[in-house]
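Welcome! Open your viewer, keep the selection tool handy, and let's walk through this model together.

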Amino acid sequence: MRFLAHDGIFDIRESQDDHELAYALTPASKLLVSCSDHCLSPMVRMNTDPLLMTTYHHFGEWIRGEDPTVHETAFGTSFWGLLEKNPTQMSLFNEAMASDSRMVDLALKNCTSVFEGLDSMVDVGGGTGTTAKIICEAFPKLKCVVLDLPHVVENLTGTNNLSFVGGDMFNSFPQTDAVLLKWVLHNWNDENCIKILKKCKDSISSKGNKGKVIIIDIIINEKLDDPDMTRTKLSLDIVMSTMNGRERSEKEWKQMFIEAGFKHCKIFPIFGFRSLIELYP
């Protein structure tokens, strides 16, 4: 407890009467309280899962080898293949992403203009639909489709303005006013990201210049970010590299957008280490 208090997870308080130590929650540990609206315990449980942590015991072997991802070195399959074969880890992953989406709710309250005027949106890789539900509640006239792999969405129930479709982001998805990519592109290398972005461009093509892609992801900016923020982003870059993905600088993002055929983008820092990007053809 003293160690965790030193790192700011708890606060140490000394009783004036008997001089005994007591511990209190800090803003960091309040995020782990299960009854709170913005609880990140599922994210912690996923990142400390014994099977998933075992992956990194093979880090050195992977660095010296030829496998694209550390998961292929450790388990003979990609991270996504590992989840598909292990329902427990799949459930942990979906719960973790849902908890992160509830945090993004705080950020989206300051970005309502991004969704105003839209009649339809496809949330690509939207998992169990937590982000889409938050947006649909705020914009009840917006029709939203969550696209994810069939085994992720097969038992999910929609609402009047929310539906779930099983599919593959590398193939095609419905025509729409906007495509949402929240924490999707950092999972993939540039080549695969460009493929996904081109599919997005096809999906909004009928809207002309009015269609757009909305990206919520990380932008590395060592000149503007404070050192702790940069450390967090670079740590995530190491994690994503083990999955054949990466975090990107603004220059790297823009170069990828150009290669995918987009002409204009707007970038807004929103919450924590995330940024929101509006991308136009």
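Select Leu4, which is partly exposed, with a relative accessible area of 33% (buried means under 20%, exposed over 50%, partly exposed in between, using a 1.4 Å probe and protein chains only). This is a predicted model, where local features need pLDDT of at least 70, side-chain atom pairs count only at pLDDT 80 or more, and totals for chains, interfaces and linings use all residues. Residues are numbered from 1 along each chain as its sequence is written, and side-chain values use heavy atoms, leaving out hydrogens and water.

Leu4 lies in helix 1 (helices are DSSP runs of H or I with at least four residues, strands are runs of E with at least two, and both are numbered from the N terminus).

**Second stop: two cysteines**

Now select Cys136 and Cys144. How far is the sulfur of Cys136 from the closest cysteine sulfur? The distance is 4.4 Å, to Cys144, which is too far for a bond; a disulfide is a pair of cysteine sulfur atoms within 2.5 Å. Across the whole structure, the search finds zero disulfides. Cys136 is buried, at 5% relative accessible area, and Cys144 is buried too, at 2%.

Next, highlight residues 264-269, which are strand 9, and residues 274-280, which are strand 10. These strands run antiparallel and are joined by six bridges (two strands pair if DSSP finds at least two bridges between them). Click Lys266 to find Glu278 of strand 10 standing opposite. Four residues sit between the strands of this hairpin, and Gly272 takes a positive phi near 60 degrees.
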